[in-house]
Amino acid sequence: MLIAMFGAVESGIIYAIMALGVYLTFRILDFPDLTVDGSFVTGGAVAAISIINGVPPAIATIFAIGAGFLAGCITGLLHTKGKINALLAGILMMTALYSINLRIMDTPTLSLLNETTIFTQLQTIWGNTGVDQALNGLLTAMGADRLPSTWAFLLVMLVITITIKLATDFYLKTEIGLALRAIGDNKRMIRSLSANTDNLTIIGVGISNGLVALAGALIAQLGGFADVGMGIGMIVIGLASVIIGEALFGTKTVARATIAVIGGAIIYRMIVTVALRFDFVETGDMKLMTALIVIAALITPKIIHARKEKQRRLQKRAQLHQHAKGA
């Protein structure tokens, strides 16, 4: 169970980058962007084909971010300049990206098992640090029998994800970031201040899909393959991470909201991992579980709020009754 949870946290931290991208469009811009399902694959496809053709893994990952940013910008252009509904613009771009991704890979699946990736390079460097031995020794002293093969991916990805989170917090507090937040709250108001809402929306959707593509590139390198179907349901996973995080950690400030998204992504992966350990649950049920998790995350806070409101009304009614009785 320890190894399963370790793997869930490890992948959850990478998916948290994708969830931060979804948070930018879904919460900040109030833009229901379905491009995510396609741009996630684009990131993996561009990174994989670049690595196979001899591009250094770090540069290949940067190429993936650029491809995702471009895809997001096109979605933004379709919506702002083409006057296409935001939801439909995302669907159109997602559909187009399926064929584009196949063109990029030239095959439904690309293997990276015999290629040098960011994670294989990291593992080579990490082996000389002695961190794995120290942490695994600590777990052994605590009674653990099965130990992680390496802590490199978890710890380094945690640093990278937190860095992206801090950069997102900083960006959303800049002049452009504040304008993006204003667009999501009241587009008419920000237009009255002579702000170019179209360009800001395009940039925001582009950055969002750049983060999604980065997550796709990292997942492809971690898993050792890129597949044309690996992005199916990514938007739902991203929304699940955002909603779970907001329900558990709150959203009083931007900094708190972004850390909630990261926590939500990790918790989501842990829930899925636990659910898959039940005998009656099959791997093919994962998308169904995702939908059920999102439904539960959406409904539960409303039920709790309704019960609290009902208790508050009953208490107020009882107080009024006692007051009237005393008079």
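Buried means under 20% relative accessible area, exposed means over 50%, and partly exposed lies in between (1.4 Å probe, protein chains only).

I worked on a predicted model, where local features need pLDDT of at least 70, side-chain atom pairs count only at pLDDT 80 or more, and totals for chains, interfaces and linings use all residues. Residues are numbered from 1 along each chain as its sequence is written, and side-chain values use heavy atoms, with hydrogens and water left out.

**Entry 1: salt bridges**

I took a salt bridge as a side-chain nitrogen of Lys or Arg within 4 Å of a carboxyl oxygen of Asp or Glu. The count came to four.

I looked up Glu246 and found a salt bridge with Arg27, the closest N and O atoms being 2.6 Å apart. Glu246 sits in helix 11 and Arg27 in helix 1 (residues 2-28), 219 residues apart. Helices here are DSSP runs of H or I, at least four residues, numbered from the N terminus. Arg27 is partly exposed at 38% relative accessibility, and Glu246 is buried at 17%.

Next I looked up Asp169, which forms a salt bridge with Lys165 at 2.5 Å between the closest N and O atoms. Both lie in helix 7 (residues 152-172), four residues apart, about one turn of the helix. Asp169 is buried at 5%, and Lys165 is buried at 6%.

**Entry 2: helices 11 and 12**

I checked helix 11 (residues 234-249) against helix 12 (residues 254-276): their axes come within 7 Å and cross at roughly 115°. The axes are lines fitted to C-alpha atoms over the stretch in contact, with angles from 0 to 180 degrees between N-to-C directions.

Notes: Helix = DSSP H or I, 4+ residues; strand = E, 2+ residues; numbered from the N terminus.
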